[in-house]
Amino acid sequence: MSKILVIDDELSMREFLKILLEKEGYGAAVAANADAALDALEEDNFDLIISDIKMPGLSGLDFLEQIRSKGITIPVILITAYASPEDAVLAMKGGAYDYITKPFNVDEIKQIIHSALIGTRELSKPQSADSFQNIIGESPAMLKIFDLIKRISPTHANILIQGESGTGKELIARAIHNLSKAAAHQFVPIICNAIPESLFESEMFGHIKGTFTGAITDKKGLFVEANNGSVFLDEVGELRPLIQTKLLRVIQEREFKPVGGAHRVKVNVRIITATNRDLEQEVISGHFREDLFYRLAVVPIRIPPLRERKGDVPLLVDHFLKKYSKLFDKKINALSSYAMEVLMKYDFPGNVRELENIIERGVALESSNIILPESLAISAHKRAESSPATFHGSDDELFDIGMENAVVNLEKNMIAKALSKTGNSKMKAAEILKISFRSLRYKIKKYGIKCADLP
Ligand SMILES: Nc1ncnc2c1ncn2[C@@H]1O[C@H](COP(=O)(O)OP(=O)(O)OP(=O)(O)O)[C@@H](O)[C@H]1O
Ligand SMILES: [Mg+2]
């Protein structure tokens, strides 16, 4: 029998919860404040704690922090007032399993308790220092995000991921699912703007055969498919108002009626959402329901654009070089130092996805074993001012560069290629280039070509 500890300063609430829990077949103990609860924890073993947040003395949040700092990992469900979504956010950030809002919905409490008790998965997997669940990054911003993901994944909190296109929102959504108790169940992605409004409800919540033209069989819907797992609502900023209202109701009641159905279906799903819009702004402008926003963004994660974390570029380059060299069966393991410089100065409007495409093309195009600037699909005018350009642009771009720069550039590239082709032998490189060894040595020095960068 699972034992649950209830902490609340109000006698009526303690009694209500105790009766409810015992009726459900759990063992229940009560404490009137956090101190009494700490004593109870010393004396007995509990499987779950349900605690009010607002109490005289130590608050529920302080209590949570204290037991976590003592290494106590029992799941905690916090009770918040309906009017304070901020408390809900703090609860989840503090590592609560979930929260329930006053006034109570008894079915909701039962559901949350049940899922909190279904055993806690072992989470720690060995990880290399610079990647986390296939997400590459070592910038302070990304390390913070990794840390947040670790803390919030095991909770049941709904999560909103915001970031520009190509910043890795889906990657992060999948990581959260994989690290959660829902991992053994489905991760069901739904691209909100890809489904016509008229079909949305039946896609999400299913329908009964014959309800509308085309409904030839019963359909379960994606929420049922994701039961006990996670639903990933991508581009959630695009949801039409009617669907926003329906979704809000499903989140609050944890059940719904399929289109044309008479019976309610219960589901337990974790909702992860993503958007490249500024959803707070959409709330202010009246395009997105505020109450839904708070339900979805219990924990918000904001991924900064790549140009604000350039420190991650070299690591990402390395990762994608390995990936595409393997895929294309090539032996390319580095960028020339100038090519790297070009990348570091670029501002990646398409973020990591664009960088990945650039490296993929680079690996495909490059015939030597090191990527040179002209194999990077960044057009000359997009590069920052100080970068000398290549011969791949238009005539206008070429004349912008000027002949001397263009010649310098060609020389640099030929030298780098010759060196890589000859395994860094200056003697052989000079031969291929049909210049003297001394002249080559001079140019290498003048142009700052770093042989150490070459394989
Ligand atoms: N930190 C990262 N490490 C490794 N790969 C990444 C990282 N971030 C993004 N990617 C890769 O970049 C591509 C785009 O990522 P993803 O689809 O998650 O972006 P998104 O934010 O969902 O973009 P969109 O808003 O356009 O849907 C994917 O191929 C993904 O694997
Ligand atoms: Mg995406």
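**View 1. Asp-98 meets His-156.** The side chain of Asp-98 makes a polar contact with the side chain of His-156, at 3.2 Å. A polar contact is a pair of N or O atoms within 3.5 Å; within protein, one must be able to donate a hydrogen and the other to accept it, and residues adjacent in sequence count only if both atoms are side-chain atoms. Asp-98 is found in strand 5. Helices (H or I, at least four residues) and strands (E, at least two) are DSSP runs, numbered from the N terminus. At 4% relative accessibility, Asp-98 is buried. Buried means under 20% relative accessible area, exposed over 50%, and partly exposed in between (1.4 Å probe, protein chains only).

**About the model.** This is a predicted model, in which local features need pLDDT of at least 70 and side-chain atom pairs count only at pLDDT 80 or more, while totals for chains, interfaces and linings use all residues. Residues are numbered from 1 along each chain as its sequence is written, chains are lettered from A and ligands numbered from 1 in the order in which they are written, and side-chain values use heavy atoms, with hydrogens and water left out.

**View 2. The surroundings of ligand 1.** How many residues surround ligand 1? The shell holds 17 residues, and the closest are Ile-136, Ser-165, Gly-166, Lys-169 and Arg-353. To be near, a residue needs a heavy atom within 4 Å of the molecule. The shell divides into 6 nonpolar, 6 polar and 5 charged residues. Here Ala, Val, Leu, Ile, Met, Phe, Trp, Tyr, Cys and Pro count as nonpolar, Asp, Glu, Lys and Arg as charged, and the others, Gly among them, as polar. Strand 7 (135-136), helix 7 (169-178), helix 13 (313-327) and helix 15 (351-365) each supply at least two shell residues.

**View 3. Oxygen atoms of ligand 1.** A polar side-chain atom of Ser-165 lies 2.5 Å from an oxygen atom of ligand 1. For Arg-353, a polar side-chain atom lies 2.9 Å from a ligand 1 oxygen. Thr-167 uses its backbone: an N or O atom there lies 3.3 Å from an oxygen of ligand 1. Taken alone, ligand 1 exposes 630 Å², and the protein buries 85% of that. These areas come from the Shrake-Rupley method with a 1.4 Å probe.

**View 4. Gln-244 in helix 10.** Gln-244 is found in helix 10 (residues 241-253). Is Gln-244 buried or exposed? Gln-244 is buried, with a relative accessible area of 1%. The side chain of Gln-244 reaches the backbone oxygen of Leu-239 at 2.9 Å. A polar atom of that side chain also lies 3.1 Å from the backbone oxygen of His-287.

View 5. Most residues other than glycine have a negative phi, and most peptide bonds are trans. The peptide bond from Lys-102 to Pro-103 is cis, with omega near 0°. Pro-103 is found in the loop between strand 5 (98-102) and helix 5 (106-117). Glu-235 has a positive phi, near 55°. Its loop runs between strand 10 (230-234) and helix 10. Asp-329 has a positive phi of about 55°, although it is not a glycine. Asp-329 lies in the loop between helix 13 and helix 14 (337-345), and is exposed at 69% relative accessibility.

**View 6. Glu-170 and Thr-273.** Glu-170 and Thr-273 are 103 residues apart in sequence. In space they are 9.2 Å apart, C-alpha to C-alpha. Glu-170 is found in helix 7 and is partly exposed, with a relative accessible area of 32%.
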